Structure formats: C-alpha cells, structure tokens
Amino acid sequence: MGSDGIIAYIKQADSVPCEVKRVAIDGDLAFIHVRYLNWAGKETAGVDIFRFDGEGKIVRALDVPQPVPASSNNRNTMF
C-alpha cells in the first residue's frame, strides 16, 4: 500500500467529520484512535491499526469501528 495508499485513505476519510484523539507508534505498528461524528448517522469510536514493513510501506491495515452508546454503565468514556 505504501504512502500513496495511506494518503488516499486519509483523503476519503475526510468526507466523514471526525476528531483524531490519539496516535501511537510502536516499532512497525501505528494506532489511530478516532471519534467519527457522523458515520452513517451515528457517533462512532474507531481505531485504525497499520503495520509497516522495513521500507515504511503499509503491509496490513485494520479498521475497528464501534457505535458510541447513548448511555454507559460507568463514568468512563470511549474517548
């Protein structure tokens, strides 16, 4: 996929209003925690996970979305 792929992904993701909450990098892995404000009409929490090869190209990409519930059983938020 490489940098062209990640740039294309970010550009299409721009069509969904969102807030990047956290970015973490550990070795060949990168994690992006995102609050999508209107994903198909719902507020959604998401984590995008990328694995890079030795040349910095993306070799694996995972997207983990979860709708934000209207209420929670505790005081912890998803963000």
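Buried means under 20% relative accessible area, exposed over 50%, and partly exposed in between, with a 1.4 Å probe and protein chains only. Keep that scale handy for this tour of a predicted model, in which local features need pLDDT of at least 70, side-chain atom pairs count only at pLDDT 80 or more, and totals for chains, interfaces and linings use all residues. Residues are numbered from 1 along each chain as its sequence is written, and side-chain values use heavy atoms, leaving out hydrogens and water.

Start by selecting R35, which is partly exposed at 24% relative accessible area. Its side chain meets that of E19 in a salt bridge (3.4 Å, N to O); the term covers a side-chain nitrogen of Lys or Arg within 4 Å of a carboxyl oxygen of Asp or Glu. This pair links distant parts of the chain, with R35 in strand 2 and E19 in strand 1, 16 residues apart. Strands here are DSSP runs of E, at least two residues long, numbered from the N terminus.

Then pick K21, which meets E19 at 3.0 Å, N to O. Together, E19, K21, R35 and E43 make a network of salt bridges.

Next, colour strand 2 (residues 29–39) and strand 3 (residues 42–52), an antiparallel pair with nine bridges; pairing requires at least two DSSP bridges between two strands. At the turn of their hairpin, click A40, which has a positive phi of about 55°.

Finally, follow F50 across to its bridge partner in strand 4, A61.

Conventions:
Helix = DSSP H or I, 4+ residues; strand = E, 2+ residues; numbered from the N terminus.
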